[in-house]
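I would ask everyone to look at the structure on the screen while I go through a few selected positions.

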Amino acid sequence: MKRRRLPPGDPVLAFAIGILIMLGCVMVFSSSAILANNRFGDPYVYIRRHMSFLFVGLGLLYLSSRMKTEIWRKSWLILYLATLAGLAATFMMGKSLSGARRWLYLGPIGFQVSELAKLVLVVALARYLDRYHSRLTRWRWALVYPTLMFGLLIVPIALQPDFGNPFVMMLGFFSMLLIAGISWKHLAVYPLMALPAMAALIVKSPYRIKRFLSFFSLWKADDIAVQHGAAYQASQALLALGSGGLFGKGLGDSDLKLHYLPQPHTDFVFPVIGEELGFAGSMAVVILFSLIAIRGIKAAINAERAFDRSLAAGLTLMLVFQAGIHMAVTTALAPTKGITLPFISYGGSSLLMSCLMAGILLRISRSRNA
């Protein structure tokens with residue numbers, strides 16, 4: 001008996017994802033070679049690690065593009081409980097880096113559970129919206145239960161502390177509820193709950209207060225504050241973007257990655273793209289993520305089942321929101337917060353989860369009955 005051949009996935013979506021992954025390989029090496037050589041005496045340390053994770057990530061992308069989405073629907077509770085256990089283990093056994101306990105290590109390999117939490121939130125919420133769609137007109141089903149599901153994941157992540165990933169998750173969560181058709185009178189409660197929580201996280205940490213205030217007075221600060229204070233990261237990122245001109249200085253020729261731009265291979269990779277590839281290269285990245293947004297939402301609209309529609313929409317929004325926040329932060333359109341650029345930044349956990357999300361999106365785009 002012949003095995004049924006799956007129809008091809010969305011070629012435009014696959015193209016955008018593929019180009020971003022290839023660009024990521026180039027930019028990780030370009031932005032990290034000198035840093036790696038100074039730290040480890042080997043310019044290829046970060047790119048080797050990136051390629052190792054990419055090899056696994058491409059395997060996840062391929063497997064998830066072949067798996068029926070029903071598998072995700074049925075396994076949501078196992079994934080959810082495993083993620084909660086991972087977040088708890090992070091507090092007990094996680095390694096603290098730069099004052100934050102976000103990483104679980106198995107030997108030399110570290111994993112950031114909060115990256116998995118973004119995928120699990122989308123899967124769990126998609127299943128919830130599918131199963132209880134007829135009850136979402138009542139406040140308990142539209143507000144209380146989704147908030148509990150969301151809160152159990154986001155609170156331990158925020159306490160690590162981590163502000164970037166919870167913000168991405170909050171945007172994705174709210175957008176999925178909005179797309180599901182939940183009444184505005186219910187949705188209006190979420191901003192009222194979120195704003196005090198965000199304010200508390202900012203006030204709790206003095207460095208967050210400085211970053212937040214510096215965002216509103218970036219170019220009013222004196223030269224010393226800009227060069228060495230809270231506005232340093234944003235000002236260096238803008239200098240990198242501005243110095244690239246229309247077509248950039250050329251690959252490998254960034255000056256501000258030479259100990260001026262913080263974390264040039266992770267949280268600030270977009271300014272390196274702007275400096276080396278210019279406005280044209282930066283806009284190409286924006287266009288590629290716009291294609292993912294458009295084709296991902298199209299896959300959601302064309303999906304036959306409600307679960308697939310919510311799943312595709314949620315995954316698309318998580319990827320695009322994260323990319324948008326990264327670019328907004330590095331162009332001084334939002335307060336400084338470290339967050340990776342999907343498919344491009346160095347970071348194994350982010351790359352693995354981005355590839356897994358992309359594979360699921362491609363699977364849903366294959367057929368009206370994924």
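Let me begin with a term: a residue is called buried when its relative accessible area is under 20%, exposed when it is over 50%, and partly exposed in between. Please also keep in mind that this is a predicted model.

With that cut-off, consider Thr 330. Its relative accessibility is 0%, and therefore Thr 330 counts as buried. Thr 330 belongs to helix α14, which covers residues 306-330. What does Thr 330 touch, if we leave out residues up to four places away in sequence? The list consists of Ala 237, Leu 241, Asp 267, Phe 268, Phe 270 and Pro 271. The side chain of Thr 330 also has a polar atom 2.9 Å from the backbone oxygen of His 326. For the backbone oxygen of Met 327, the distance to a polar atom of that side chain is 3.3 Å.

I turn next to the surface. Met 92 is located in helix α4. Its relative accessibility is 65%, so Met 92 counts as exposed.

Finally, an intermediate case. Arg 138 sits in the loop between α5 (113-131) and α6 (139-158). Because its relative accessible area is 45%, Arg 138 is partly exposed. Between Arg 138 and Ile 182, the separation is 44 residues in sequence and 9.3 Å in space, taken from C-alpha to C-alpha.

Terms used:
Residues numbered from 1 in each chain as written. Predicted model: local features only at pLDDT ≥ 70, side-chain atom pairs only at ≥ 80, totals over all residues. Heavy atoms only, no water. Helix = DSSP H or I, 4+ residues; strand = E, 2+ residues; numbered from the N terminus. Buried < 20%, exposed > 50% of the residue type's maximum accessible area, 1.4 Å probe, protein only. Polar contact = N/O pair within 3.5 Å; in protein donor to acceptor, adjacent residues only side chain to side chain. Contact = heavy atoms within 4.5 Å.
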